[in-house]
Amino acid sequence: EKFHKDHRSARTRWICPKYFPADAVLNAYLNPVVDKSRDPFSWGMPDVDKLVSFCSQHMGWESGNTKRVLDPVVKRLES
């Protein structure tokens, strides 16, 4: 309740960019590209090295932290 009271005027301060949402984003939402295959879904093994690199470059994560997060996922997929 306190949150709602403190933020009751937040909507009046929203500023929406002129071209929001971007045409490409709107089109992707309205016309999603989906796999039409009827085959059962199965998970593939993640490429840990590429994920470590991506997380390092884009999120500043250290490789040890990324691997610590991914290890349980890989172990579960291997079982």
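**Note on the predicted model**

1. Thr66 is buried, with a relative accessible area of 1%. The model is a predicted one. Thr66 belongs to helix 4. Leaving aside residues up to four places away in sequence, Thr66 touches Leu51, Val52, Cys55 and Trp61.

2. Thr66 is listed with Leu70 and Val74 as buried in helix 4. The buried residues of this helix pack against helix 3, residues 48-59.

3. Helix 4 covers residues 63-78, which is 16 residues. At 1.5 Å a residue it should span 22 Å, and the C-alpha atoms at its ends are 21 Å apart, so the two values agree.

4. The peptide bond between Phe20 and Pro21 is cis, with omega at about -5°. For context, most peptide bonds are trans. Pro21 sits in the loop that runs between helix 1 (2-6) and helix 2 (23-30).

5. How many salt bridges does the structure hold? There is one. Asp6 forms a salt bridge with Lys2, and their closest N and O atoms are 2.7 Å apart. Both residues lie in helix 1, four residues apart, or about one turn of the helix. In general, side chains of opposite charge can pair when their charged atoms come close.

Notes. Residues are numbered from 1 along each chain as its sequence is written. This is a predicted model: local features need pLDDT of at least 70, side-chain atom pairs count only at pLDDT 80 or more; totals for chains, interfaces and linings use all residues. Side-chain values use heavy atoms; hydrogens and water are left out. Helices (H or I, at least four residues) and strands (E, at least two) are DSSP runs, numbered from the N terminus. The expected span of a helix is 1.5 Å times one less than its number of residues. Buried means under 20% relative accessible area, exposed over 50%, partly exposed in between (1.4 Å probe, protein chains only). Contact means heavy atoms within 4.5 Å. A salt bridge is a side-chain nitrogen of Lys or Arg within 4 Å of a carboxyl oxygen of Asp or Glu.
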